[in-house]
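Please look through the structure below with the sequence at hand. The text after it goes from the whole chain to single residues.

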Amino acid sequence: MGEQGVQLTDSWVLYRRMREQTPLVQCITNYVAMNMTANVLLAAGASPAMVHSDAESGEFAALASALSINMGTPSPQWAAGMRTAIAGARGAGVPWVLDPVAHAATAYRRGLVAELLALQPAAIRGNASEIIALAGAAGQGRGMDSGDSVDSAAEAARQLARAQGCVVLVTGETDLATDGQRSLRIVGGSHLMPQVTAMGCALSALLAGFVAIAPDQPLAAAVAAAQVFAAAGQRAQEQAVGPGSFLPAFLDALYLLQPADLARCPATAS
């Protein structure tokens with residue numbers, strides 16, 4: 001919350017810092033998203049580690065730069081790994097990010113997300129329906145898909161950020177990053193992004209990478225993650241003819257990102 005009234009660090013500066021520092025991001029994510037998430041982190045300059053077992057997740061989290069928790073395919077065994085990893089991260093002062101995938105869909109997911117929220121994530125990333133439901137309101141989500149607009153989730157996101165004392169990033173056609181007091185909208189991206197699986201999951205892990213290199217500016221980290229993703233998507237769309245060609249073009253765009261690309265996806269106060 002300390003960024004209210006303070007100039008945010010430029011997203012390009014944070015992107016260059018990511019490539020210079022190569023933060024180690026531990027990802028406990030779903031089966032569908034593992035490969036995509038690892039490739040996105042590598043392209044952006046971070047180092048991914050898919051360590052989820054309860055036997056080692058806590059020890060590893062204490063060594064990592066950040067931890068990303070994704071609830072896409074939860075199970076009791078994976079939930080145990082999440083709890084252990086978060087405990088290890090918190091004990092070592094390592095920030096962690098929560099992606100509450102379809103958390104309202106089943107009683108098991110609702111119980112797990114309530115437990116994880118109590119462990120104080122540094123940031124939360126979700127689609128509009130997930131954020132609305134997480135704030136305690138009724139959304140139009142169906143499983144992993146959002147049925148709500150980012151605009152309709154704006155107030156819920158601010159309330160959630162204030163209640164949790166963290167940054168919330170709501171993603172959709174236009175993204176919204178908020179710390180509960182200050183909110184910024186990020187435009188850009190591509191209509192092909194929803195046609196490629198695990199894009200949102202990968203963005204959550206990238207957010208963790210940015211939080212790792214800007215732990216004292218979580219709002220700037222969220223804006224940077226959204227801007228970098230949107231800029232890469234916009235650049236990739238110029239080369240792609242469909243989802244199949246979009247994915248490699250997107251990874252290349254992340255890797256080759258330039259200041260002019262970010263300038264095409266501005267972040268404006270909301």
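What follows is a walk through a predicted model, beginning with the overall fold and ending with a group of aromatic rings.

The protein chain is made up of 11 helices and nine strands. Its radius of gyration is 17 Å, close to the 18 Å that the globule rule gives for 270 residues, so the chain is as compact as a globular protein of that length. Along the principal axes, the C-alpha atoms fill a box of roughly 45 × 40 × 35 Å. Of the 270 residues, 56% count as buried.

The accessible surface of the protein chain is about 10,600 Å², and carbon and sulfur atoms account for 52% of it. There are 15 positive and 20 negative side chains, and the centres of these two sets lie 2 Å apart.

Asp99 has a relative accessible area of 0%, and because buried means under 20%, it counts as buried. Leaving aside residues up to four places away in sequence, Asp99 touches Ile69, Asn70, Met71, Arg125, Glu130, Gly200, Cys201 and Ser204.

The loop that runs between strand E4 (96–99) and helix H5 (107–117) holds Ala102. Ala102 has a positive phi of about 45 degrees although it is not a glycine. Is this residue buried or exposed? Ala102 is buried, with a relative accessible area of 4%. Thr22 also has a positive phi of about 45 degrees, and it too is not a glycine. Thr22 is placed in the loop between helix H1 (11–21) and strand E1 (24–28). At 39% relative accessibility, Thr22 counts as partly exposed, whereas Ala102 is buried.

Two helical positions come next. Thr37 is part of helix H2, which covers residues 34–44. With a relative accessible area of 1%, Thr37 is buried. Which residues does Thr37 touch, not counting residues up to four places away in sequence? They are Cys27, Met50, Cys201, Ala202 and Ala205. Cys201 is also among the residues that Asp99 touches.

Ala79 belongs to helix H4, residues 76–92. Ala79 is buried, and its relative accessible area is 1%. With residues up to four places away in sequence not counted, Ala79 touches Tyr108 and Leu112. The C-alpha atoms of Ala79 and Asp54 are separated by 8.5 Å, and the two residues are 25 apart along the chain.

Gly189 lies in a loop, the one between strand E8 (183–186) and helix H8 (199–213). Its relative accessibility is 14%; because the limit for buried is under 20%, Gly189 counts as buried. When residues up to four places away in sequence are not counted, Gly189 touches Ala230, Gly233, Gln234, Gln237 and Cys265. How far apart are Gly189 and Ser204 in space, C-alpha to C-alpha? They are 16 Å apart in space and 15 residues apart in sequence. Ser204 itself is one of the residues touched by Asp99.

A search of the whole structure finds four aromatic pairs. In one of them, the rings of Phe246 and Phe250 have their centres 5.9 Å apart and their planes at 25 degrees, so the pair is stacked. Centres within 6.5 Å are needed for a pair, and planes under 30 degrees apart for stacking. Why are Phe246 and Phe250 separated by about one helical turn? The two residues are four apart in helix H10 (residues 243–255), and therefore about one helical turn lies between them. Phe246 is buried, with a relative accessible area of 0%, and Phe250 is buried with a relative accessible area of 0% as well. Ring pairs link these two residues and Phe229 into a cluster.

Key. Residues numbered from 1 in each chain as written. Predicted model: local features only at pLDDT ≥ 70, side-chain atom pairs only at ≥ 80, totals over all residues. Heavy atoms only, no water. Phe/Tyr/Trp six-rings, centres within 6.5 Å; stacked < 30°, edge-to-face > 60°. Buried < 20%, exposed > 50% of the residue type's maximum accessible area, 1.4 Å probe, protein only. Rg over C-alpha atoms; globule rule 2.2 N^0.38 Å. Areas by Shrake-Rupley, 256 points an atom, 1.4 Å probe, with all protein chains shown as cover. Lys, Arg positive; Asp, Glu negative; His and termini not counted. Charge placed at Lys NZ, Arg CZ, Asp CG, Glu CD. Contact = heavy atoms within 4.5 Å.
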